[in-house]
Amino acid sequence: FERRFMIDGFKPAMRARDIVAGAEKLLNEPGVKQVRIEASDTAGVWALLAASQMDKSKLAGVRIERAPHSVRQAYESPIHRALHDVTMPGFAASFDLDDVVKLVGADKVEWWDPMDWMRNRVPVDRPWIRYTKFGH
């Protein structure tokens, strides 16, 4: 995964850049030392990409809810929703979202109720994955 959004002009990179810009603006406020990013659905992927580009000492954490857990999994399924919201050329050929979590630091990521690309809650065995009792 190339640092600092080398893939310009693609929706996930642009949204991640917007999130980083917002976080940097907050960090410039007096008394703000860290930010926490929270997002759901495909915006959770953008939040994770943004967090991977930030100074980790200024990132309190990332909370993602009901977001697709794998880009590669979408390409392995005949039907999916919203894949266009997270597609970047070449990304899925070499990387997946687990790789981005490792860039951020698994200790900074909380991923609640991971979904497949049809928005069904799915079991995923990763240390950063958590489940609500009933899901959403």
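# Notebook: strands, helices and a ring pair

**Entry 1: starting in the strands.** I began with Arg63 and looked up its bridge partner in β3, which is Glu110. A note before going on: this is a predicted model, where local features need pLDDT of at least 70 and side-chain atom pairs count only at pLDDT 80 or more, while totals for chains, interfaces and linings use all residues. Residues are numbered from 1 along each chain as its sequence is written, and side-chain values use heavy atoms, with hydrogens and water left out.

Two strands pair if DSSP finds at least two bridges between them.

**Entry 2: the sheet.** I then asked in what order the four strands stand. They form an open sheet, β1-β2-β3-β4, with parallel pairing. The edge strands, each pairing on one side only, are β1 and β4 (129-130).

I went through the pairs one by one:

- β1 and β2 run parallel and are joined by six bridges; here Glu38 stands opposite Arg63 in β2.
- β2 and β3 also run parallel, and four bridges join them.
- β3 (residues 109-112) pairs with β4 in the parallel sense over two bridges. Trp111 has Ile129 in β4 as its bridge partner, and Trp112 stands opposite Arg130 in β4.

**Entry 3: helices on the sheet.** Helix α2 does, touching β1, β2 (59-65) and β3, and its direction makes about 155 degrees with that of β1. Helix α5 (residues 97-104) packs on the sheet as well; α5 touches β2 and β3, and its direction makes about 145 degrees with that of β3. For these angles, axes are lines fitted to C-alpha atoms, for helices over the stretch in contact, and the angles run from 0 to 180 degrees between N-to-C directions.

**Entry 4: the two faces of β1.** In a regular strand the side chains alternate between the two faces of the sheet. I checked β1 for this, with buried meaning under 20% relative accessible area, exposed over 50% and partly exposed in between (1.4 Å probe, protein chains only). Val35, Ile37 and Ala39 point to one face and are buried.

**Entry 5: helix α1.** How many residues does α1 have? Helix α1 (residues 11-27) has 17 residues and reaches 24 Å from its first C-alpha to its last, close to the expected 24 Å. The expected span is 1.5 Å times one less than the number of residues.

I listed the buried residues of α1: Pro12, Ala13, Ala16, Val20, Ala23 and Leu27. Down the helix axis these fall within an arc of 95 degrees, so they line one face of α1. The arc is taken from the directions from the helix axis to the C-beta atoms. I also looked up what the buried residues of α1 pack against, and found β1 (35-40) and α2 (42-52).

Entry 6: Asp41 is found in the loop between β1 and α2. Asp41 has a positive phi of about 55 degrees although it is not a glycine, and at 27% relative accessibility it is partly exposed.

Thr42 lies in α2. Is Thr42 buried or exposed? Thr42 is buried, with a relative accessible area of 5%. Leaving out residues up to four places away in sequence, Thr42 touches Pro68, Ala82, Asp85, Val86 and Trp117.

I found a positive phi at Arg66 too, about 50 degrees, although Arg66 is not a glycine. Arg66 is found in the loop between β2 and α3 (71-75) and is partly exposed at 25%.

**Entry 7: an aromatic pair.** A pair of aromatic rings is described by the distance of the centres and the angle of the planes. I searched the whole structure and found one such pair. The rings of Phe91 and Phe95 have centres 6.0 Å apart and planes at 40 degrees, so this pair is tilted. The rule: rings of Phe, Tyr and Trp (its six-membered ring) pair if their centres lie within 6.5 Å, with planes under 30 degrees apart counted as stacked, over 60 as edge-to-face and the rest as tilted. Phe91 is buried at 5% relative accessible area, whereas Phe95 is partly exposed at 28%.

**Entry 8: last stop, Ala93.** Ala93 is found in helix α4 (residues 91-94) and is exposed, with a relative accessible area of 69%. Ala93 and Val71 are 22 residues apart in sequence and 9.8 Å apart in space, C-alpha to C-alpha.

Conventions
Contact = heavy atoms within 4.5 Å.
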